[in-house]
Amino acid sequence: MTWKKLILIGDSNTQFAHGRSGWVNSISDLFQRRCDVINRGFSGYNTDQIRLILPKIFSEFKTESVCGVIIMLGSNDSTDQQAQIQHVNLEKFSDNISFIIDYIINWGVPKNKIILVSPAKIFDEKWQQVKGPNAFHFDHLVKNYAQEVIKIAKNKSVMSVDFRQAMEDYGSEYHHLLHDGLHLSKEGGDLLFKCLLPIIEKNILGDLQINFPDWKNFSLNQQEIV
């Protein structure tokens, strides 16, 4: 048998999400014995870089084994232009996200199993304390990229989570959702998981069976175990 795969594509807020923020752990716990949750987060990457490696990411999987894809990008693209390696202008970012979505659709993943997540808010004061003169991520810059993500999701008819808006709705204490001003805290990871959960349960989890029988129903005399 082949276990189903849920693929997560993103930057540091995905790569590091087995740690402090823990939202990938929460997803893995939700899908235990139903599918493998594959973390393909790449710290510091922008959509130019993800676009180039996308075929390699999917080359190890078979279309029929992938039950869903979650994509969260834009924090690094939206950096100030001084961050020459990371910055991607909004027009090119839009083209890259559209390419990524089209690639995944054409590869064979149904639209209702692709979830596009807007990049998180940034708490500038804290991030500048951490990075000093090398702080090129700013909240007013990422806002336009977050809005573009939601617009693309609508145009492509894929699922979306407006995580930036969820953070806005959190109010003036939203900085508690970020442990250093840029990366999600445990509270931020919990909020992201809460935002993802309704779509995941409706569009992905409900189609998956628990692999292998419950131990109480496991007969050693069965000729075939399914």
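## Terms and model

A residue is called buried when its relative accessible area is under 20%, exposed when that area is over 50%, and partly exposed in between, using a 1.4 Å probe and protein chains only. The structure is a predicted model, in which local features need pLDDT of at least 70 and side-chain atom pairs count only at pLDDT 80 or more, while totals for chains, interfaces and linings use all residues. Residues are numbered from 1 along each chain as its sequence is written, and side-chain values use heavy atoms, with hydrogens and water left out.

## Helix H2 and its surroundings

Helices (DSSP runs of H or I, at least four residues) and strands (DSSP runs of E, at least two) are numbered from the N terminus. In helix H2, which spans residues 23–30, the residues Trp-23, Val-24 and Ile-27 are buried. Seen down the axis of H2, these buried residues fall within an arc of 100°, so they line one face of the helix; the arc is taken from the directions that run from the helix axis to the C-beta atoms.

Leaving out residues up to four places away in sequence, Trp-23 touches Leu-8, Asn-13, Thr-14, Ala-17, Leu-184, Gly-189, Leu-192, Phe-193 and Leu-196.

## Nonpolar cores

A nonpolar core is a set of buried Ala, Val, Leu, Ile, Met, Phe, Trp, Tyr and Cys residues joined through side-chain atoms within 4.5 Å. The largest such core has 32 residues, and those that touch the most other members are Leu-6, Trp-23, Ile-27, Phe-31, Phe-163 and Leu-196. At least two residues of this core come from each of S1, H2, S2, S3, strand S4 (114–117), helix H7 (163–169) and H8, and the largest share, six residues, is supplied by H8. Another core, of 27 residues, lies apart from it and has Ile-57, Val-69, Leu-73 and Val-149 among its members.

## Cysteines

With a disulfide defined as a pair of cysteine sulfur atoms within 2.5 Å, the structure holds zero disulfides. For Cys-35, the nearest cysteine sulfur is that of Cys-67, 4.0 Å away. Cys-35 is buried, with a relative accessible area of 6%, whereas Cys-195 is partly exposed at 21%.

## Salt bridges

Side chains of opposite charge can pair when their charged atoms come close. Counting a salt bridge as a side-chain nitrogen of Lys or Arg within 4 Å of a carboxyl oxygen of Asp or Glu, a search of the whole structure finds 13. One of them joins Asp-48 to Lys-92, with the closest N and O atoms 3.0 Å apart; this pair links distant parts of the chain, since Asp-48 lies in helix H3 (residues 47–59) and Lys-92 in helix H4 (residues 90–107), 44 residues apart.

Asp-139 and Arg-164 form another salt bridge, their closest N and O atoms being 2.9 Å apart, and both residues are buried. Lys-121, Asp-139, Arg-164 and Glu-168 are linked in a network of salt bridges. In helix H8, Asp-190 pairs with Lys-186 at 2.8 Å between the closest N and O atoms, and because the two are four residues apart in this helix, they are separated by about one helical turn. Asp-190 counts as partly exposed at 35% relative accessibility, and Lys-186 likewise at 46%.

Definitions and conventions
Contact = heavy atoms within 4.5 Å.
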